[in-house]
Amino acid sequence: MSQNTNEGKFSRRNFLETGSAAIAAAGVTAIPNFQGQGQNPQNQPSYERRKSDPGPTNSEIDAQNQSSFNPPETDAGGVPPFKYPFSFSHKRLHSGGWSREVTVRELPVSKTMAGVDMRLTAGGIRELHWHTAAEWAFMLYGNARITAIDNDGKSFVADVKENDLWYFPTGIPHSIQGLNSDGAEFLLVFDDGNFSEYATVLLSDWMAHTPKDVLAKNFGVPQSSFEKLPEKELFIFQDVVPGPLEADQRAAAGKRGLSAQDFAFRTMQMPPNKRTKGSDVRIVDSRNFKAAANIAAAIVTVKPGGIRELHWHQNADEWQYFISGNGRMTIFATGGRARTMNFQAGDVGYIEKTLPHYIENTGDTDLKFLEMFKASVYQGLALSEWLTHTPPELVMAHLKIDRTTLDAIPRDETVVMPL
């Protein structure tokens with residue numbers, strides 16, 4: 001179901017997982033319908049009376065999703081859910097860690113991108129593999145070692161820590177291993193909403209489904225060498241913590257040497273692209289991270305009381321991951337429809353291309369989140385820069401504001417208010 005589609009129905013699953021979403025939708029549609037039916041406003045129940053819910057309810061979910069349970073009066077029409085918590089996802093447990101995913105199957109609007117939250121213990125290995133989709137990753141916690149080879153068969157080995165990221169293009173084989181002292185947790189983002197961690201080319205799986213005599217011919221070794229091969233996939237398994245980075249780099253390089261391609265990016269080594277007293281924003285795309293040919297990102301921090309300004313993106317849908325804090329977001333869709341939803345750490349959000357929206361910090365700590373795009377470069381336009389670069393008389397005729405108000409609007413994209 002699309003945010004750009006005027007008609008649609010909520011599924012039972014979406015209803016349960018967004019906390020009384022159907023009640024919220026009924027609340028937002030009731031407001032415009034009274035006027036549309038020509039009823040006397042004096043006979044309407046009060047807004048507080050109309051939004052009351054005396055029947056059974058999940059109070060804990062309602063408390064976390066106040067904008068769905070008690071929507072703002074400005075919400076209207078049927079905008080499908082654009083939030084899915086990783087906490088609802090099945091956690092796939094293994095000896096060396098776990099993984100869980102949010103794809104188009106969990107969040108139907110998320111057609112262009114999918115995400116995986118993965119945890120590795122110290123020594124835990126995400127086995128050698130590759131994907132049919134490009135992989136962009138952000139380190140949420142701890143330390144890890146990543147390995148790959150480039151298109152020329154040259155090796156890449158690097159250590160990454162919290163706030164670092166990496167990018168592996170489609171078909172580039174790689175691995176991830178947790179380091180001391182407590183392994184790692186990281187977010188993986190893929191440029192295909194239908195992607196699944198369950199559908200990956202795994203080394204162990206490939207070998208288990210190749211005849212041993214073929215393996216012997218391929219590698220030029222006795223068939224008996226493969227008697228101990230795993231009979232099924234390893235996926236995530238426990239091993240010892242690797243030694244010094246330099247030793248692994250030398251061993252992997254061989255006669256070819258190390259790859260000139262850097263698949264990792266040290267985010268905190270770059271200054272913010274935008275910084276105000278209300279925020280800082282770092283943009284990472286193919287212009288400053290050459291490896292990231294098909295995924296662009298913005299890492300946004302909004303201080304308490306701040307707001308990610310009213311804006312939209314011209315070139316791609318936006319896939320979000322909330323790292324910390326509490327916020328709320330309103331999406332304005334076509335046909336005069338709008339919906340607000342609350343977000344907490346671990347939630348995924350999604351906005352279709354060109355739809356206007358904002359994100360407000362509603363808590364008393366920093367709100368930090370990722371904005372992800374299936375695009376080579378980040379693009380965005382702010383409402384304020386549009387209004388201030390349009391003939392003033394035209395804007396004032398639309399909004400019925402005076403020149404003083406228009407002149408006070410920031411002329412450039414500020415990303416986060418206040419300045």
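Is L128 buried, exposed or partly exposed? L128 is partly exposed, with a relative accessible area of 45% (buried is under 20%, exposed over 50%, partly exposed in between; 1.4 Å probe, protein chains only).

This is a predicted model: local features need pLDDT of at least 70, side-chain atom pairs count only at pLDDT 80 or more, and totals for chains, interfaces and linings use all residues. Numbering runs from 1 along each chain as its sequence is written, and side-chain values use heavy atoms, without hydrogens and water.

**View 1. L128 in a surface patch.** L128 sits in strand β5 (strands are DSSP E runs of at least two residues, helices H or I runs of at least four, numbered from the N terminus). With L203 and W206, L128 forms a nonpolar patch of about 300 Å² accessible area together (residues over 30% relative accessible area, no salt bridge, nonpolar side chains joined within 5 Å). A salt bridge puts a Lys or Arg side-chain nitrogen within 4 Å of an Asp or Glu carboxyl oxygen.

**View 2. The largest pocket.** Its space is about 590 Å³ (1 Å grid, 1.4 Å probe; an open set with protein on both sides within 12 Å along at least five of seven lines; lining atoms within 4 Å of a point). Of 32 lining residues, L128, T147, H174, S175 and L203 are closest to the centre. β5 gives the largest share, five residues. The lining divides into 21 nonpolar, seven polar and four charged residues.

**View 3. The second largest pocket.** About 230 Å³ of space lies here. Lining residues include W312, F332, Y358 and W386. β17, β19, β22 and α9 each give two or more. Nine are nonpolar, three polar and none charged.

Technical notes. Grid points are joined across faces, edges and corners, and a volume is the space filled by probe spheres set on the points. Ala, Val, Leu, Ile, Met, Phe, Trp, Tyr, Cys and Pro count as nonpolar, Asp, Glu, Lys and Arg as charged, and the others, Gly among them, as polar. Patches are made of residues with over 30% relative accessible area and no salt bridge: like charges are joined within 9 Å, nonpolar side chains (Val, Leu, Ile, Met, Phe, Trp, Tyr) within 5 Å. Accessible areas come from the Shrake-Rupley method with a 1.4 Å probe; for residues, only the protein chains shown count as cover.
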